[in-house]
Amino acid sequence: MIERFLKQTTFTSVEDYNKNLEFIIPENFNFAYDVMDVWAEEKPEGLAILWTNDQGEEIRTTFAELKEQTDQAASYLQTLGIGKNDPVMLILKRRYEWWVVMLALCKIGAIVIPATHMLTKHDIVYRNTRASVKAIICVDDSYVVSQIQAAMSESPTVKQYIAITDHGKPIPEGFHDWQTEWKQTPKFVRPAFVNTNDDTMLMYFTSGTSGEPKMVAHDYLYAMGHLSTGVFWHNLHEGSLHLTVADTGWGKAVWGKFYGQWFAGATVFVFDHEKFNADTLLRQMEKYKVTSFCAPPTIYRFMIREDLSKYDLSSLEYCCTAGEALNPAVFDKLKEKIGLNIMEGFGQTETTMTLGTFPWMTPKPGSMGIPNAQYDIDLIRADGTSCEDGEKGEIVVRVGDRKPIGLFKEYYRDPELTREAWHDGLYHTGDMAWRDEDGYYWFEGRIDDVIKSSGYRIGPFEVESALMTHPAVVECAITGVPDDIRGMVVKATVVLGKEWKDKAGDDLIKELQQHVKKETAPYKYPRIVEFVDELPKTISGKIRRVEIRKKDAGEK
């Protein structure tokens, strides 16, 4: 498959990859037709999806079967008046139908807007209004349905509401019944014209660690941009069974459960569950013999606190992480327990993977790796000049005459915000890092998260990494608190392991402070330590430090 889209398909070194990665870009590329339907023709019996849930149900779908289902779904959506350029919001959790609908919408040229099931009425109205959403397809969850119904009167652009229910359940008022209606549609006929490469295929409302969500618009080549994600970073092949832990409302779902994995011809493994439990997840990996695994650092933090010798993970070949920087202590612990490295990657809702640790590299625990050759990455100072090795700066993408494959088109309907992030030939990520002498990048934090205390600039991640090496700490967040003398002081908000919870108090605070002083420069130690049961997070698993700061400032 990938030989259709790359001039060279295998690489043996960083130099080889950087020099020879070159895409073959077809006219009017469409992932559903040019990848998935081709697999259905060339590998009809190949397993595309292995889906299971916490109720023990199981679905195994071949590429040929998936083509039939997506054609049928595309025909059904057309009968509802949905077509080219129509924005359609999906709130489907990890329901099997999400994969079918995603491909069906691609086949008719509609714009898909994946969304989390935790949206409130206000969130739904905001999205419907800002994007002129024409249809909503949702899971039949009482909370989700109630919030959508509450938003109906304030959502004039939405013409169709479709619920995917379990068989036999009543259909929510005002909704079409997916389960019965989609099977009663005429044979699908591919539209005469579906898309250009520049058309909008996909939009995400950012998870929003600060401010109102932005609408990130991606073109049809965004899918191709993830070829390197699945084939090279995840190191997948046709025999792989890949599990990425991600809700379908988060951009990481298409990083790890969709485009790149199917470019590789791998099987996408889905575990549909209501509540994360490390033991349950590990049992699923053991039962189905998962070969490749990707999850945010939060998941690994809980996994390594299990007795991993209880699970047969012998089928597991490869581990990756993204979503937030990985603490070296977590890397070391997993390596010790199961003998595998965690290969880190970095990117944003606005990009595909921009930095990564590839199979032909030796990972450095805690490093994001090197620039993906798709992108011209640099670190810059506040004045726009390039940083030297060892110097902290903002990660930017240098954009020449042609937009890199995978970089977003724009913030939809917001040219001012687009210009703010993308100007003078640079896309500004807003993330800080430094680069070592080997070209590896090391995350420092968001620009807004950097703490200025007594003249020092302190990145939260370096203090968090120091704290994470203490056995009491499951996870933590470092923020700045205003201080009359120092300007700001460092605060640690800490989640303790269950065996340490009854020790929370002044003695443990002093112990953690002393521990940080030994692990990193003493001026970085947290002068304030707060113990909590959990940290505020986005749906993607990123810590919402802004929420902690607002709480400390007495804001709601």
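Predicted model: local features only at pLDDT ≥ 70, side-chain atom pairs only at ≥ 80, totals over all residues.

Q: What is phi of N85 near?

A: Phi of N85 is near 70 degrees. That is a positive value in a residue other than glycine.

Q: Which loop holds R413, and what is its phi?

A: R413 lies in the loop between β19 (410-411) and α15 (415-421). Its phi is positive, at about 60 degrees, although R413 is not a glycine. The relative accessibility of R413 is 43%, so it counts as partly exposed.

Q: Now T357. Is it buried or exposed?

A: T357 is buried: its relative accessible area is 2%, and buried means under 20%. T357 belongs to the loop between β15 (353-356) and β16 (367-371).

Q: Which residues does T357 touch?

A: Set aside residues up to four places away in sequence. T357 then touches W233, M343, E344, P363, S367, M368 and G369.

Q: Let us turn to helices. Which residues of helix α6 are buried?

A: In helix α6 (residues 142-151), the buried residues are V144, V145, Q147, I148 and A151. Look down the axis of α6: these buried residues fall within an arc of 165 degrees, so they line one face of the helix.

Q: Where is V35 found?

A: V35 is part of helix α2 (residues 31-42). V35 has a relative accessible area of 0%, so it is buried. Leaving aside neighbours within four places in sequence, V35 is in contact with M1, F5, F29, N30, W262 and F263.

Q: W262 was in the contact list of V35. What is W262 itself in contact with?

A: Again leave aside neighbours within four places in sequence. W262 is in contact with F31, V35, M36, W39, A48, I49, F63, L66, W99, L103 and V268.

Q: Which members of the largest nonpolar core touch the most other members?

A: F31 and W262 do, in a core of 116 residues. Helix α4 gives the most to this core, with ten residues. There is also a second, separate core of 49 residues, and L308, F331, V490 and I509 are among them.

Q: How is empty space found?

A: Rolling a probe the size of a water molecule over the atoms shows where empty space is left.

Q: How many cavities of 30 Å³ or more does a search of the whole structure find?

A: The search finds seven. The largest cavity has a volume of about 110 Å³. Its lining is W250, G251, K252, W255, A322, G323, G347, Q348, T349 and K542. By class, that lining has three nonpolar, five polar and two charged residues.

Q: What is the volume of the second largest cavity, and which residues line it?

A: The second largest cavity has a volume of about 60 Å³. F31, M102, L103, L105, C106, A110, V112, M201, F258 and Y259 line it. Helix α4 (residues 97-108) supplies the largest share of this lining, four residues. The lining has ten nonpolar residues, no polar and no charged ones.

Q: And the largest pocket: what is its volume?

A: The largest pocket has a volume of about 1400 Å³. It is lined by 39 residues. F276, T298, I299, F302 and K537 lie nearest its centre.

Q: Which elements supply at least two residues of the lining of the largest pocket each?

A: They are α12 (278-288), α13 (297-303), β25 (473-483) and β26 (487-496). The largest share, three residues, comes from α13. By class, the lining of the largest pocket has 15 nonpolar, eight polar and 16 charged residues.

How values were computed:
Residues numbered from 1 in each chain as written. Heavy atoms only, no water. 1 Å grid on protein atoms, 1.4 Å probe; cavity = no way out; pocket = protein on both sides within 12 Å on 5 of 7 lines; lining within 4 Å. Points joined across faces, edges and corners; volume = space filled by probe spheres on them. Nonpolar A, V, L, I, M, F, W, Y, C, P; charged D, E, K, R; others polar. Core = buried A, V, L, I, M, F, W, Y, C linked by side-chain atoms within 4.5 Å. Buried < 20%, exposed > 50% of the residue type's maximum accessible area, 1.4 Å probe, protein only. Contact = heavy atoms within 4.5 Å. Arc of directions from axis to C-beta.
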